[in-house]
Amino acid sequence: MQRSAINVAVSDAGPLIALARLDLLSLLGELFDRVLVPESVLDECTAKPELEDAVRIRRACDDGLLTVCVAEAVGADHRGRGERSAIAKALEIDAVLLADDLAARRHAVALGLTPIGTLGVLVGAKRRGLLPAVRPPIEELRARGYWLTDATVRVALQAAGEDET
């Protein structure tokens, strides 16, 4: 299997929680050589340790799929501590930022980072033959309460070659 040209990613909570809900955290290990998770992001993801998502994320850390790192939360704007830490770490090491929040993604682009969201991970996985289709996991995310706009879903389905137009 050919690896992505992008070797390292730093993740915010959104993509980790979404992929954990789908039990697809392993895709990150196939798409990236290393995925860093700031401690503050891990704290956010595991705030309710009894949840299945938290258990899966903790297991991914224990198994070495995700690497917990120290990252200072830079800035004091409206973004949360985990989000600010993930952006700061991605800037520090020139890594891809895994984030779903639109404001965070826009901020990352303004700083020169490349943000990839959960749907981008799913599309990338399909393109590499790791998923047969992105529509079923997108529908499952929505059914489990993960908010995705119709426009965002359309773009992802088109990128995956699954649009109905």
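Predicted model: local features only at pLDDT ≥ 70, side-chain atom pairs only at ≥ 80, totals over all residues.
Helix H8 itself comprises residues 135–143, and its buried residues are Pro137, Ile138 and Leu141. These three residues lie on the same side of H8, because they cover an arc of only 105° around the axis. The partners against which the buried residues of H8 pack are helix H1 (13–21), helix H7 (118–127) and helix H9 (150–159).

The strands of the model form an open sheet of 5 members, which are paired in parallel and arranged in the order S3-S2-S1-S4-S5. At its edges stand strand S3 (67–69) and strand S5 (115–116), each of which pairs on one side only.

Within this arrangement, strand S1 (residues 8–11) is joined to strand S2 (residues 34–38) by 3 bridges, the two running parallel, and valine 10 stands opposite leucine 36 in S2. Strand S1 is also joined to S4 by 3 bridges, again with a parallel course, and here alanine 9 has valine 96 of S4 as its bridge partner. Strand S4, which covers residues 96–98, is in turn connected to S5 by 2 bridges, and these strands likewise run parallel; in this pairing, leucine 97 is found opposite proline 115 of S5.

Terms used:
Residues numbered from 1 in each chain as written. Heavy atoms only, no water. Pairing = 2+ DSSP bridges. Helix = DSSP H or I, 4+ residues; strand = E, 2+ residues; numbered from the N terminus. Buried < 20%, exposed > 50% of the residue type's maximum accessible area, 1.4 Å probe, protein only. Arc of directions from axis to C-beta. Contact = heavy atoms within 4.5 Å.
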